[in-house]
Structures are given as C-alpha cells and as structure tokens.
Amino acid sequence: MALLLLISVETKVLTPARADLIKRTVDSVAGAKKAIIHMYNATSPLFREVVFRNSKEQTIALAVEHTKLVRQLTEECTAKHGTIFKYEYSPETFTQTEIEYAVEVCEAVKAAWGKAGTGDERIIFNLPATVEIATPNHYADQIEMFCRTISEREKIVISLHPHNDRGTGIAAAELGLLAGADRVEGCLFGNGERTGNVDLVTLAMNQYSQGVNPNLDFSDMFSVIETVTQCNDLPVHPRHPYAGELTFTAFSGSHQDAIKKGFEHQSKRHILAAQEGRPRYWCMPYLPIDPADIGCNYEAIIRVNSQSGKGGIAYIVKQALQLDIPRRMQMAFYQVVQAIADRTGKEMTTDDITTAFKETYRYGSKHEGRLSLRSFTITDTSRPSTPLDSRPSSPSSTDSSTPRRFVGMISVDGIVREIRGTGNGPLSALLDALRTYLDIDLEIREYSEHSFGEGTGVKAGSYVELVTPGTERGIAGVWGVGADADIAGSGLRAVLSAANGFIGTKDLPNLDTSSGFIPGKSPTSIVSKALYQTLQLEVPKGMLTAFRDVVVAGSPAASNIPFDTLANAFKSKYHFDDGTPGSARYTLVSYHLTNISPTGDTGRDARRRFEGEITIDSHVTKIVGEGNGPLSSLIGALETHTGRNYMIKDYHQHSIGEGSGVRAASYVQLVTDAGETAWGAGTDEDITASGLRAVLSAATKPRQVNSYMKMPAEKTKVPPKTRVKAVGFRDEANDSDNDELEDELDVSEEEERQDDSHLQALLRAVESEIFSDITVER
C-alpha cells in the first residue's frame, strides 16, 4: 500500500524501549521525508517495583541504552534513505513519578542522544498523564517544575500528553500550556485508551474562541466528523462541544427567545460597526462561537446537523408555521414530502408542504384527527384539589417526586369523553389515560419544545416521538406536534397528534359507560369510573387491574354489571371500610405512634413505635410493633401477632371531598415472605390512619370475609328473597371449625332472570379468593 505524505508532514511512530521493536519501528519509516521516533519506558515507583522490578539506576540505564540504539539506527537510516529524524522520549507515568527523578532520567536521555540543538534539532520530552490521577492544576505544577529544572531548556520541546480518566484532560492541557509547555499530543474528539486522550478539537476550538489561532482548520467540521467516524467506527456524541449535532441546539423556549433577540441586536450592531469602520464582533446568548465558523448556517441553529433536503423542508415549515421541527422529525416528514413529490411528479410548493404537514400531524383545528383535546386539568396527587401551575418548565418531565394526575375531555371519533391518568408529568399522565381507556400503549422516546410569536401572542410548540414499549432504538416511532398558549397544553396536543398517527383506522374501545361494565368488552377505565362515581375512590392501576381480572374471570362475557354491584364487590373483596360495619378480620380501633429514633430525628426515616388496639375476629386486642414509619411499625406488630412476614410493595393515597369534609384514601399492596400479594384500601379523616386501615385491609385478605352484593330492586313488585350462604374458615392456621355466614339481598323476578348469571359469577370470583363454598338459596 502506497503512503502519500505532504512534505511538511512529519510521521511519528511510537515504540517501547525494546531493541527488536525499535529496529522494526525505524525500518517502518525508512524513505519518509521526515519522521519522529518516539520511545518510552515507565518511570514511576509503581511500575519500577511491581511491573518491571527495576531499580532507579536500572530504569535510567534502560532508557540510555535504547536511546543510543535509536541514535545509531536513525543515523544509519538517514545515510541510506535520507530520512530526517527527530527524537522524542516519554517518561511514561510521568505524573506518578518523583519530579526530581523524572528530570534525572530525561537529563540522561538527552546526554545519550547527544544531538539536541536549537530549532528543528530540539529533543522532544513528552510528559504524559498516562493515568489522570489528580486535578489539572497539579499536572500544571509538575510541568512548570520540570521546565524550570531541566537544563538547556532552549534545546527542548516540552510536550503534553494528557489522558481523560478524571474527565479533565482539556483543563489539564490548557493549564499545562500556561505552565510553559510547547506542544500537545491528543486525538480528534478524544478517542484513545480507556476514557481517551485529550480532545484536540475541543482544545483547539477553545483557543479559537479566545482569539488564539490553533493552526488547525475546522471550518468544515462535518467533513472532519465524517472522516473520523468512518476511520474509527465511533460516533461523535450529540452533546460533544463544537462538533455534536446538538452543540447549538436550544430546546428551551427561553433560550430560543434569547437567541432570536441576540440575532436582532447583533444585526443592528454589525451595521453600525461597518459604518464606523470598526470590527464586527460575535456576541450572542448561548452561542459562544459563530456557527458559520465551523460550516453551519443560521437556519440550523436549532439542529446544526440538518441534512440537505430535510433542512430545506424544515426551513419552509419554520417560515410558514414558525415551527422548528426536530432533526429526527425532519427525517420522518421528509419521507412524507418525498412520497408526495414522487407520486405527483411536481415541485412541492410552500402550500403543498405546509398542508402535508398539517394533515400528517393533525395540526390545526381544520385538520383534527380521531383524538383531539377539548379541556384538561393537571393536579398534584398529594393535593388533588389544587391545580398545578399551567406552565411547568417541561411537561414531559419525569423526575417529579410526586405523580401528576391528568383529567381531560377528549373527542374520540366525534364523541367527547372524560379520561383520567397518572404519571410523573402531564404527558406520561395522558399516556396512562390513553392506555387505560383506549388500549393505546405508547411511551415517549424524544421530546422537545420552543416558543414562538411575541408579546401576548407567544405560544409553545412541542414535538414528541412515541413508540410502543420495547421498541428498539433503530426503529422509527410516530411523531406528533402541538401548539398552545399553555406549554402543558402544547405537549398534550403533541401526544394526541402522534397517537392519531399510531391508531390510523384501528377500532377503539367503546367508552359509553351508560350500561355498566361488560366483562371482556368494556375497558378497565369503566371499572375505574364505577368506583370513582360510587365510592369516590381513585384506585391505583395495579389494584384496579387485579380487581378487574377477578370480575372478568368469574363473569360471563355477555353479562352487564351495574356500577353499584361492582362497588359492593370491591368493598367485599378488599374489606373496604367506608364507614359502615365491615367484616374485615382486622380493624383499627385506636393507635399511638412514638418517635424512638436515638438521634431524635423527626424526618420520614425516623424510627417509630406503634401501640394500638385493633379488633381481631371481633375481639379487641392490643398490639405493639416498631418500624421506620407508621405503616412499617404496624406491620411489625402484625408480624409479631400472626407469625407472618409482610413487606409493602406499593402504596398510593389521595384525598376525598373538600374543606372540612375532606378524607384521605390510601391503598397498600402487601407481599408475604411466601410471595403472596394482597391489596387493601382504607379511608379516614387522618391520612396516617387511612394508611393503617389500608394495611389491615390488605392483611385480612387470606382470612374469612363475608361478601355481599345488593342488586337494585324493581319498585313495582315485591321482590322475593335470595339468600347467599358462605362457608369459610375463620382462621386457617388455628381454627378447624367452619363458620357459616349469611346475608340477604333483594332481587326482583325480572332482575332475577336477567342478573342471576352474573351475580353467581361474581360470587364464584370472590369465592375463589376467600371462601371454601358459596351457594345461592331462594
């Protein structure tokens, strides 16, 4: 393979201090115009004592001996091939070497080389941070000490070779230069061993940004990126300084507004400077250098890596609709435009492109899709009666410590319906609602936003890419766009825009709730609505799913279950105490919590003692337990009494009502050491008590419960009596006697014919959980 080198280029080759490798290295550059032979051996105590087991004297002798060999072989090569050589020596692990000893080694090497002169004859001493072990200023101190101590400084080029183990390679190189170094070795974009060598692109552009010419040309940065990535097969990170595709990207509306104002102000300033004959300086919010200096144009401020075609379409959309669509969305929309152009065979005008954009992403009132937003509220679940500020920093945020609840009216195929969902932000809450009510299971892959317009007319533009769970990164998702004066509203509209693209003409579940719950047909949201309307309970998804599964498993698919029946079944299954006498095995009578933390800590992790009275099989019993909070201390008390081990797997709570009548509702999922799980629910004016009641409700699950469901009676007839007899075990562990529990419910003759099937089915469902036998007698 022929190697073509410019005359001004010096080929550098690296070799350890080994005679055989030095000979092969010199042979490899024979015939080149210029070459640098770079030899190294480790000098730090760790390598001397552990790796090579050499003394200081032996280490110096090794460096001197092989330096002399390099001199002999290079002189022979010069005589034979005319190659002009320079010599570079590295005391490897310099930063871990005693500075006085490093100078001593280099002095011996310089003497052995014997040809160090001025100008091009200077010897190069490369001082590497082979492993970055200290702060950048420490490295600079070592460089300064070496420069001051080494003799014949004018005959030496001090070279830096920082690695990036601590992530401060750039800073170390910059401080090392200020400390007196002449030269830096590194790699483009920081490639190299382990965490890489110092990044020459960032280092050079940092100097450029300060008015120092680095003598490296990065005016066509994308060509450099393309070459390096093809050679190394390593991508450049999107956030990489100066070179990443997001380097000049501003997703934040405030950032974009500042940049826009900066361009307007700079344009006026440059005109004035040109008129007065003064230099035109670059001074722009959020943009430390002019993107044009590295080959970017101003159309690509939002996405500097826009490709030809996509960038043109994005520019038209921006000019016509004031929307800066993201790069990945540009790629998706480009395919739409290209398909239209191929089909029509004509040039796409601005109207063609904007119309295609609106129709594709259901953007604007004239292009609404099957799903469209009518109204919404976003609340903090810890304070559900208090709406959140309508302009959060980002509606897609997933780092909130408290979940958000979405309650909204959306049009589904022309019919307005209410849907509800919870998540870590407004968008995830809406996605939860779509999943629950419409079986649309999507998640966010990418989200961005910006503001456009001025004054009172400013709006937020949001863009979201949705994918089905588990979708691999290389597979494209569906994009959506939304605009609204409210930033949360724009994000929600973007989600519905993408959801419209996902569902296409797919059939959606029927949200008509007027006829009750139909197993196998009605979505889970109907059960949720039934419990909310009858009991004001906002049951968490996990508990809701578990209850729905029991109902579906035990009911004929064609049955129609009224909401009141579902509510009674819920109260029976989960021993829910809504203020009426219940049949739960454990119920709370009174309690007292004491802080027993040795440090007196009163925070959430403070250790507590629970002392209380609970009814156990209708007998009041005192129990005591300890834990890291109210619920865990009650669990400790139950474990002591029952011999079972419990752990809280899931917990939710919300408030019911308003003002002086507000109550807390809590939901707990317990898991035993045997892997059994059980949900429980409780309400109380006191939030702590509601949680304690929920724990007792869940702990009751394996025990006997009396189940009853009262069906509505026909007003014009005297209903016959239907007796439900349930036989179960009062205490599976200690009581072998069966107890019979009875209850009555009124059912009219007509209802009896219609509803007996699902009544018995529900009873069978509950029976499978808690009873050994249930019969219906008339």
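Contact, throughout this passage, means heavy atoms within 4.5 Å. The structure is a predicted model, in which local features need pLDDT of at least 70 and side-chain atom pairs count only at pLDDT 80 or more, while totals for chains, interfaces and linings use all residues. Residues are numbered from 1 along each chain as its sequence is written, and side-chain values use heavy atoms, with hydrogens and water left out.

Leaving aside residues up to four places away in sequence, Val407 touches Ser375, Phe376, Thr377, Glu418, Ile419 and Arg420. Val407 has a relative accessible area of 17% and is therefore buried (buried means under 20% relative accessible area, exposed over 50%, partly exposed in between, with a 1.4 Å probe and protein chains only).

Next comes helix α1 (residues 19-28), where Ile22, Thr25 and Val26 are buried. Seen down the axis of α1, the buried residues fall within an arc of 95 degrees, so they line one face of the helix; the arc is that of the directions from the helix axis to the C-beta atoms. These buried residues pack against β1 (11-16), β2 (34-42), α3 (56-81) and β3 (84-92). Arg24 and Ser28, on the other side of α1, are exposed.

Two further helices, α5 (residues 136-149) and α6 (residues 169-178), pack at an angle of about 30 degrees with their axes 8 Å apart. Axes here are lines fitted to C-alpha atoms, for helices over the stretch in contact, and angles run from 0 to 180 degrees between N-to-C directions. From α5, the residues Pro136, Asn137, Tyr139, Ala140 and Ile143 meet Ala171, Ala172, Leu175 and Gly176 of α6.

Finally, an open sheet is formed by three strands in the order β14-β15-β16, with antiparallel pairing (two strands pair if DSSP finds at least two bridges between them). At its edges are β14 (586-595) and β16 (619-627), each pairing on one side only. From one strand to the next, the twist averages 20 degrees. Nine bridges join β14 to β15 (residues 608-616) in the antiparallel sense, and Leu588 has Ile614 in β15 as its bridge partner. Helix α18 (residues 630-642) packs on the sheet and touches β14, β15 and β16, its direction making about 120 degrees with that of β16. Helix α19 (residues 687-700) also packs on the sheet, touching β14 and β15, and its direction makes about 130 degrees with that of β14.

Key. Helix = DSSP H or I, 4+ residues; strand = E, 2+ residues; numbered from the N terminus.
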